[in-house]
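This report is a short walk through one protein chain. Please look over the sequence and the structure before reading on.

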Amino acid sequence: MSEEANWDKLVVGGTVLTMEPDTEPIKNGAVAIADGRIAAVGPAEELLEMAPSGDVLNAGNCLILPGFVNTHSHLAMTLLRGIADDLPLMQWLEGNIWPAEKEHMNRETVRLGTELAAAEQLLAGVTTTTDMYFFGDEVSAVLAEAGMRAVVAESLIGFPTPRCATTEEMLATQRDLLEAYKDHPLITPSVAAHAPYSVQASDLVADAELAEEYEVPMQIHLAETTWEVEKLLEEKGLSPVAYLANLGVLSERTVAAHCVHVSPEDIELLTEFEAGVAHNPVSNLKLASGISPVPALLEGGVKLGLGTDGAASNNTLDLLRDMQLAALLHKGVAGDPTVLPARTMLELATIGGAQILGLADRIGTLTEGREADIICVAVDGPHTAPMYDPFSHMVFAARAADVRHVVVQGAVVVRNRELQTLDRERIERQAREFSENLRPS
Ligand SMILES: [Zn+2]
């Protein structure tokens with residue numbers, strides 16, 4: 001008999017969906033973890049035999065798959081959840097969100113809101129998230145403490161933020177974050193420019209250059225509303241996508257949130273420049289911005305991930321729910337139930353997201369050598385019995401509350417639906433206290 005495998009942990013007790021292309025689910029499968037990475041994937045019986053005395057995380061009757069990847073959010077906005085609903089985007093931003101942020105968002109409240117966002121997302125199976133907000137150093141520190149993987153940026157916008165007075169200061173703060181977190185195992189620092197209409201051309205270019213210099217993603221809101229498209233056409237004579245391409249800002253580093261109003265020419269540009277798109281179906285519906293032509297984007301070869309956007313326009317960070325909604329939405333809009341089949345949807349929520357964030361060689365599938373970011377989703381409830389097709393169950397039947405265990409880089413951060421890294425009661429209490437000082441007008 002050969003020597004016992006030197007693994008740190010074995011996740012067993014369910015059907016493994018590796019999310020690698022053209023692979024079948026592994027019934028009674030297991031995933032072995034060593035040094036935070038996936039060491040082996042295969043039948044549980046075989047792997048248990050190779051490491052009979054190892055630490056075993058029993059998933060019970062679960063689906064074992066890569067954690068979800070949320071490609072667009074403003075995490076601390078959890079504190080503004082439900083503060084202003086039923087309004088159009090510009091009125092919502094200018095009349096409610098921006099004033100509330102100016103008055104109430106500071107380093108401490110950003111910490112609290114980010115803790116709340118980490119708690120909510122980890123419990124819902126999101127192992128990698130994305131943040132485009134303020135106090136990026138604080139956000140990064142919180143997420144690292146929570147054991148969550150993230151792409152984090154300090155936002156650049158053409159007016160003072162709760163942190164910075166000028167765009168020069170914002171760019172300098174972005175550079176500080178890029179330096180501080182450039183080799184961090186969980187945090188990928190990035191840059192973010194709010195939108196083509198709210199950041200001047202020279203700053204958009206400066207941000208893209210910074211992203212290039214540090215080889216990191218550049219987040220931006222793009223082609224979100226018809227208002228934006230009309231404004232850019234009027235002022236620049238170009239669509240938002242063409243404007244960025246023209247400036248030299250569009251690239252494989254771009255993580256473009258929304259792309260709701262894009263023409264066939266815009267889709268060609270997104271494909272040509274290999275830009276990624278973060279699709280945020282719930283936020284787009286709630287603000288009535290429109291519906292992104294996702295089937296056309298995919299058909300055109302655009303890289304696509306899913307995002308929740310901030311909790312003020314969703315109003316949760318439940319990517320599983322949003323994946324389900326996206327699957328239904330695009331079938332209904334296309335009048336074709338064959339568009340976005342379940343497996344494709346699940347790919348967008350995992351490896352698709354990893355691709356647009358530039359992390360596809362590290363996460364997104366359960367593959368030997370990749371980082372061990374794994375979720376176990378229970379399929380033992382009445383709403384998941386029986387099970388013919390696990391991909392269908394993940395997309396059409398499972399709920400966030402079914403997420404039983406969550407592992408990030410080999411560490412168990414949620415065990416039996418209990419957070420291991422954050423004090424949930426304290427965070428929820430403080431969030432309620434915050435709201436006492438900020439009553440909706
Ligand atoms: Zn957003």
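Where in the chain is Asp 22 found? Asp 22 sits in the loop between β1 (9-16) and β2 (26-34); helices (H or I, at least four residues) and strands (E, at least two) are DSSP runs numbered from the N terminus. The chain is a predicted model, in which local features need pLDDT of at least 70, side-chain atom pairs count only at pLDDT 80 or more, and totals for chains, interfaces and linings use all residues. Residues are numbered from 1 along each chain as its sequence is written, and side-chain values use heavy atoms, with hydrogens and water left out.

**Backbone features**

Asp 22 is not a glycine, yet its phi is positive, near 55°. With 78% relative accessibility, Asp 22 counts as exposed; here buried means under 20% relative accessible area, exposed over 50%, and partly exposed in between (1.4 Å probe, protein chains only). Asn 416 also has a positive phi, of about 50°, without being a glycine. Asn 416 belongs to the loop between β15 (411-415) and β16 (418-419).

Two cis peptide bonds can be described as well. One runs from Asn 314 to Asn 315, with omega near 10°, and Asn 315 lies in the loop between β12 (303-306) and α12 (319-334). Another joins Ala 385 and Pro 386, with omega about -10°. Pro 386 is in the loop between β13 (374-378) and α14 (390-396).

**The annotated region**

In an unreviewed UniProt entry, the annotation "domain: Amidohydrolase-related" covers residues 64-413. UniProt positions are given in the numbering used here, feature names are shortened, and annotations may be inferred rather than shown by experiment. Over residues 64-413 the chain is 43% helix and 17% strand. The C-alpha atoms at the ends of this stretch are 15 Å apart.

**Nonpolar cores**

Which residues have the most contacts inside the largest nonpolar core? They are Phe 68, Leu 346 and Met 394, in a core of 117 residues. A nonpolar core is a set of buried Ala, Val, Leu, Ile, Met, Phe, Trp, Tyr and Cys residues joined through side-chain atoms within 4.5 Å. Helix α3 (residues 107-123) supplies the largest share of this core, 8 residues. At least three residues of the core come from each of domain 1 (9-67 + 368-419) and domain 2 (69-356), with bounds from an automatic or database domain assignment.

Leaving aside neighbours within four places in sequence, Met 394 is in contact (heavy atoms within 4.5 Å) with residues including Leu 63, Phe 68, Met 323, Leu 346 and Val 377. A second, separate core has 16 residues, among them Val 16, Cys 376, Ala 378 and Val 407.

**A helix pair**

The axes of helix α5 (residues 167-180) and helix α6 (residues 201-214) come within 11 Å and cross at roughly 10°. Therefore α5 is roughly parallel to α6. Axes are lines fitted to C-alpha atoms, for helices over the stretch in contact, and angles run from 0 to 180 degrees between N-to-C directions. Angles under 35 degrees count as roughly parallel, over 145 as roughly antiparallel, 65 to 115 as roughly perpendicular and the rest as oblique. Residues making the contact include Leu 171 and Leu 178 of α5 and Ala 206 and Leu 210 of α6.

The table gives the relative accessible area of four residues.

| Residue | Relative accessible area |
|---|---|
| Gly 410 | 12%, buried |
| Thr 188 | 15%, buried |
| Glu 101 | 5%, buried |
| Ser 289 | 8%, buried |

Gly 410 is in the loop between β14 (403-408) and β15. Not counting residues up to four places away in sequence, Gly 410 touches Lys 9, Ile 33, Gly 36 and Ala 372. Gly 410 and Glu 371 are 39 residues apart in sequence, with 7.5 Å between their C-alpha atoms.

Thr 188 is part of strand β8 (residues 187-193). Beyond neighbours within four places in sequence, its contacts include Ala 150, Val 152, Pro 217 and Arg 362.

Glu 101 belongs to helix α2 (residues 89-104). Glu 101 and Val 31 are 70 residues apart along the chain, and their C-alpha atoms are separated by 43 Å.

Ser 289 lies in the loop between α10 (281-286) and α11 (294-299). With residues up to four places away in sequence not counted, Ser 289 touches Glu 224, Thr 225, Val 260, His 261 and Asn 284.
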